[in-house]
Amino acid sequence: MKFQLGTVVLLLCLFTFNINASAMSQSAISSTHVLKQDSVLRHVVLFKYKAGSTSKDIEKVQQSFVDLKTKIPQIVSLEWGVNNSPEGLDKGFTHCFFLTFRSEEDRDAYLPHPDHKAFGEVIGPFLEDVLVVDYWTH
């Protein structure tokens, strides 16, 4: 969705000066525009490692994934963690990596990127399964 310059300035003013948006007319701003303006694409990756993978192997994979943030400029942010849910519903997936992109084009540039492909070579020997979910934030 394209915004006119005036609409973008108005949105910035609303957020910067904390103006009550409900006082504005619906023609000036709508919640759909605000949502779309702030929406980002999330790329969630869950790993299940093979039973024989050592902690050193897993650390190597983790660091290789984290290093992608400095190698692939389309990645806005990258965070990761190890599952600690007490629910027991993880189905063996232990590590979660959470990437943020500004657009589908940025995500699509990341997927075939040579550094992403090289990461696939690092994790390959240790990976039992992977689960990937992408979604636009609301």
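1. A word on terms before the tour: contact here means heavy atoms within 4.5 Å. Helices (H or I, at least four residues) and strands (E, at least two) are DSSP runs, numbered from the N terminus. This is a predicted model, in which local features need pLDDT of at least 70 and side-chain atom pairs count only at pLDDT 80 or more, while totals for chains, interfaces and linings use all residues. Residues are numbered from 1 along each chain as its sequence is written, and side-chain values use heavy atoms, with hydrogens and water left out.

2. The overall picture comes next. The protein chain has five helices and four strands, and along the sequence they follow the pattern α-α-β-α-β-β-α-α-β. Of its 138 residues, 26% count as buried; buried means under 20% relative accessible area, exposed means over 50%, and partly exposed lies in between (1.4 Å probe, protein chains only). Among contacts with a separation of 6 or more, 73% are made by residues 24 or more positions apart.

3. Now to the pair of helices I would look at together, α3 and α5. Helix α3 covers residues 55–71 and helix α5 residues 114–123; their axes come within 10 Å and cross at roughly 175 degrees. That makes α3 roughly antiparallel to α5. Axes are lines fitted to C-alpha atoms, for helices over the stretch in contact, with angles running from 0 to 180 degrees between N-to-C directions; angles over 145 degrees count as roughly antiparallel, under 35 as roughly parallel, 65 to 115 as roughly perpendicular and the rest as oblique.

4. Which residues in α3 and α5 meet? From α3 come K60, V61, S64, F65, L68 and K71, and from α5 come D115, H116, F119, V122 and I123. By class, this contact has six nonpolar, two polar and three charged residues. For the classes, Ala, Val, Leu, Ile, Met, Phe, Trp, Tyr, Cys and Pro count as nonpolar, Asp, Glu, Lys and Arg as charged, and the others, Gly among them, as polar.

5. At 1.5 Å a residue, its 17 residues should span 24 Å, and the end C-alpha atoms are 24 Å apart, which agrees. The expected span is 1.5 Å times one less than the number of residues.

6. Helix α5 has its own buried residues, H116, F119 and I123. They cover an arc of only 50 degrees around the axis, which puts them on the same side of α5. The face turned away from this buried side carries the exposed residues P114, K117 and E121. What covers the buried residues of α5 includes β1, α3, α4 and β4 (127–136). G120, also in α5, is partly exposed, with a relative accessible area of 35%. G120 and V61 are 59 residues apart in sequence but 9.4 Å apart in space, C-alpha to C-alpha.

7. Leaving aside residues up to four places away in sequence, F97 touches H43, V44, V45, F47, Q62, F65, E79 and W80.

8. R107, in helix α4, is a charged residue that is buried, with a relative accessible area of 14%. Beyond residues up to four places away in sequence, R107 touches L41, F101 and D134.

9. Finally, please inspect the loop between β2 and β3, where both F93 and K91 are found. F93 counts as buried at 13% relative accessibility, whereas K91 is exposed at 68%. F93 and F47 are 46 residues apart in sequence and 5.3 Å apart in space, C-alpha to C-alpha. Most residues other than glycine have a negative phi. K91 has a positive phi of about 55 degrees although it is not a glycine.

Key: The arc is that of the directions from the helix axis to the C-beta atoms.
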